Every structure is written in structure tokens, then in C-alpha cells.
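Let's walk through this protein together, one piece at a time. Have a look at the sequence and the model first, and then read on.

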Amino acid sequence: MLKGKKILIVGASRGIGEAIAYAYAKEGADLVLAGRNLETLQPVAETCRAMGVAAYTIEWDVADVKRADEVMAKAAELMGDLHVVLHNAGVIDREKFLSVREEEWDRIFAVNVKGAYFCCQAAANFYLSAHENADFKGKIIVISSECGHQPHISPYGISKWSVHGLCNGLAKALFKRGVVLQNIAPGPVTTEMMLWEPGKSDAYNSAFGRMAHPEEIADLAVFLATDKSNRIAGMPIYINGGLNT
Ligand SMILES: NC(=O)c1ccc[n+]([C@@H]2O[C@H](COP(=O)([O-])OP(=O)(O)OC[C@H]3O[C@@H](n4cnc5c(N)ncnc54)[C@H](OP(=O)(O)O)[C@@H]3O)[C@@H](O)[C@H]2O)c1
């Protein structure tokens with residue numbers, strides 16, 4: 001489904017991003033995997049290469065937004081082009097409202113909001129200049145969260161409200177110009193972000209009695225990366241078992 005596609009995944013070392021990398025590789029896409037730690041990205045890239053696609057790594061802390069344009073250019077150079085940028089990088093806080101500190105707020109917003117904003121900006125600038133003459137110039141997929149529409153008091157939850165606002169606004173602004181922005185909003189998923197405590201259960205009040213698996217998010221990410229989904233833009237697509245919508 002994705003043969004010929006050149007895709008950059010930001011935040012691909014584990015969890016949802018890792019599952020998306022394997023799903024994209026299985027469908028034949030060439031990949032650049034970005035994240036803060038090359039050591040954790042390398043084995044993911046190796047597994048993708050073993051599936052027969054090209055897979056490269058770039059060390060990038062997405063909060064270092066000054067490097068965003070450079071990362072887009074490097075990804076395109078490595079793969080020969082760039083068609084999809086999937087922004088998955090995200091961090092969560094675990095403190096209660098009454099004890100959240102300013103540094104924690106800044107840490108979350110630096111990655112989840114500032115990182116997403118400038119990653120999208122760099123991707124859009126790349127597409128608008130590199131594919132200037134094409135009708136469809138490129139795609140941006142953002143992993144937000146169902147938190148982005150729920151009452152929330154954590155920096156994480158509020159950061160995802162910002163991401164939803166960004167996706168709605170940006171999709172509208174970019175669609176006319178040939179850049180499609182899509183937003184996947186998962187409910188709880190069985191990754192380190194949710195199951196960080198030893199022995200923490202994946203039980204969840206959903207139809208299947210459990211949280212989603214990263215591969216279930218990846219299945220949607222595959223469809224969204226194809227050209228068959230090019231009319232879908234902006235509004236969050238929830239994968240949460242129908243809860244909290
Ligand atoms: N798990 C859930 O229940 C759930 C639900 C809704 C939405 N989400 C969202 O889905 C996305 C992925 O979450 P996950 O559950 O897979 O979390 P995870 O297992 O903690 O993985 C997070 C990924 O983001 C990368 N990352 C974190 N900070 C980064 C930074 N500053 N620069 C570049 N990469 C960074 C991490 O790599 P390094 O640490 O190696 O850099 C890792 O690959 C996040 O945006 C999260 O908010 C998760």
C-alpha cells in the first residue's frame with residue numbers, strides 16, 4: 001500500500017511510533033526514524049531494513065525546533081524525497097494539579113506543542129517548496145490524544161488541546177495549498193507511557209476490556225499515509241473504543 005512512499009517518523013524508538021515504523025515497512029515505505037536517542041532507534045531501523053525497505057535514523061530532540069528545517073531536508077536527501085511526515089513524539093507528566101511545577105509544564109509544552117508546531121511548519125515549508133508544481137504536495141500526520149477534547153488539568157492534557165487546535169487550524173490553512181494534515185487521537189494504548197509502573201494492568205473499560213495495542217493505531221496510520229485518504233483532514237480521528245467521545 002505504501003510502495004514508493006518516503007516517510008519521516010518523529011518519535012519512532014518505541015511504543016506507537018515503533019509499531020507504525022514496522023507497519024509502514026511492511027507496506028513497502030522507505031523510512032527515516034527520528035528521536036532523541038540513536039541507540040534505541042537503530043534496532044527499529046534494522047528490523048525495518050530486514051523487511052526489505054530503506055530505513056535511516058536521525059538524532060533529533062523535537063524540542064530543538066531550530067533544527068526542524070534541517071531534519072526535513074536531511075530526511076529527503078537520505079530517501080530521495082519526502083511524502084509523509086508523521087509527528088508522534090510526545091511526553092507525559094505524572095504529577096497532581098496542586099504540585100505541578102513550572103519546569104514540568106515547560107517540558108511537556110516544549111515537546112508536545114512547540115515541537116509539533118515547528119515540525120508541522122518545517123514539513124509544510126518543505127512540501128511547498130520541493131513539490132511546488134504538484135497539486136498534492138505532501139502529508140503531515142500528527143498523533144494527538146483523546147485528551148485533546150476532554151476536561152483536563154494536567155499539562156499533558158492541556159498540551160493535547162493545543163495540538164487539536166493546531167491540527168484543525170493548520171489543516172484548513174494548508175489543504176487549499178495541497179498539503180494534507182491529519183490527526184490521530186488515540187485513547188489509552190499499551191505503551192510505556194501508560195504501563196510505566198511495574199505490574200500496571202492494561203484493563204480498560206472498553207468493548208474489549210483492554211487498552212488499544214500500538215499495532216491498532218498503526219493500522220490507521222497506514223491508511224492515512226496512502227493517497228486513498230487524501231480528503232481526510234484536520235478533525236481528530238479517535239481510536240478509543242467509542243469511549244470519551
Ligand atoms: N500511550 C497512550 O495511551 C497514548 C494515548 C494517546 C496519545 N498518545 C500519544 O502517542 C504518542 C506516542 O506515545 P507512546 O504511548 O508511544 O509513548 P512512548 O512509548 O513514551 O514513546 C514516545 C516516543 O516519543 C519519542 N520522544 C519523546 N520525546 C521526544 C523528543 N523530545 N524528541 C523526539 N522524540 C521524542 C520517544 O523517543 P525517545 O524518548 O527515545 O526520544 C518515543 O519514541 C505521544 O504523542 C502520546 O502523547 C499516547
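With 245 residues, a compact globule would have a radius of gyration near 18 Å, and the protein's 17 Å agrees with that. That radius is taken over C-alpha atoms, and the globule rule is 2.2 Å times the number of residues to the power 0.38. Taken along the principal axes, the C-alpha atoms fill a box of roughly 50 × 35 × 35 Å.

Before going further, keep in mind that this is a predicted model: local features need pLDDT of at least 70, side-chain atom pairs count only at pLDDT 80 or more, and totals for chains, interfaces and linings use all residues. Residues are numbered from 1 along each chain as its sequence is written.

So what is the protein built from? It has six helices and seven strands. Both are DSSP runs numbered from the N terminus (helices are H or I, at least four residues; strands are E, at least two). Starting at the N terminus, the order reads β-α-β-α-β-α-β-α-β-α-β-α-β.

Now for how the helices sit against each other. Two packed helices are described by the angle between their axes and the distance between the axes. Here, axes are lines fitted to C-alpha atoms, for helices over the stretch in contact, and angles run from 0 to 180 degrees between N-to-C directions.

Take α1 (residues 15-26) and α2 (residues 38-50), which pack at about 20° with their axes 9 Å apart. That makes α1 roughly parallel to α2. The words go like this: under 35 degrees is roughly parallel, over 145 roughly antiparallel, 65 to 115 roughly perpendicular, and the rest oblique. E18, A21, Y22 and A25 of α1 meet V44, T47 and C48 of α2, where contact means that C-beta atoms, placed from the backbone, lie within 7 Å. By class, this contact has five nonpolar, one polar and one charged residues. For the classes, Ala, Val, Leu, Ile, Met, Phe, Trp, Tyr, Cys and Pro count as nonpolar, Asp, Glu, Lys and Arg as charged, and the others, Gly among them, as polar.

Next up are α4 (residues 102-130) and α5 (residues 155-175), whose axes come within 9 Å and cross at roughly 15°. These two are therefore roughly parallel to each other. Among the contact residues are W105, I108 and F109 of α4, along with V163, L166 and L170 of α5. The whole contact divides into 14 nonpolar, three polar and two charged residues.

How do α3 and α4 cross? The axes of α3 (residues 68-79) and α4 come within 8 Å and cross at roughly 50°. That pair is therefore oblique. On the α3 side, A68, D69, M72 and A76 meet α4 residues including F118, A122 and F126. This contact has nine nonpolar, two polar and one charged residues.

Finally, look around the ligand. Which residues come nearest? Of the 29 residues around the ligand, they are G11, G15, R36, G90 and T191; a residue is near if its C-beta atom, placed from the backbone, lies within 6 Å. Helix α1 turns up again here, giving the largest share of the shell, three residues. By class, the shell divides into 14 nonpolar, eleven polar and four charged residues.

Notes
Two residues are in contact if their C-beta atoms, placed from the backbone, lie within 7 Å.
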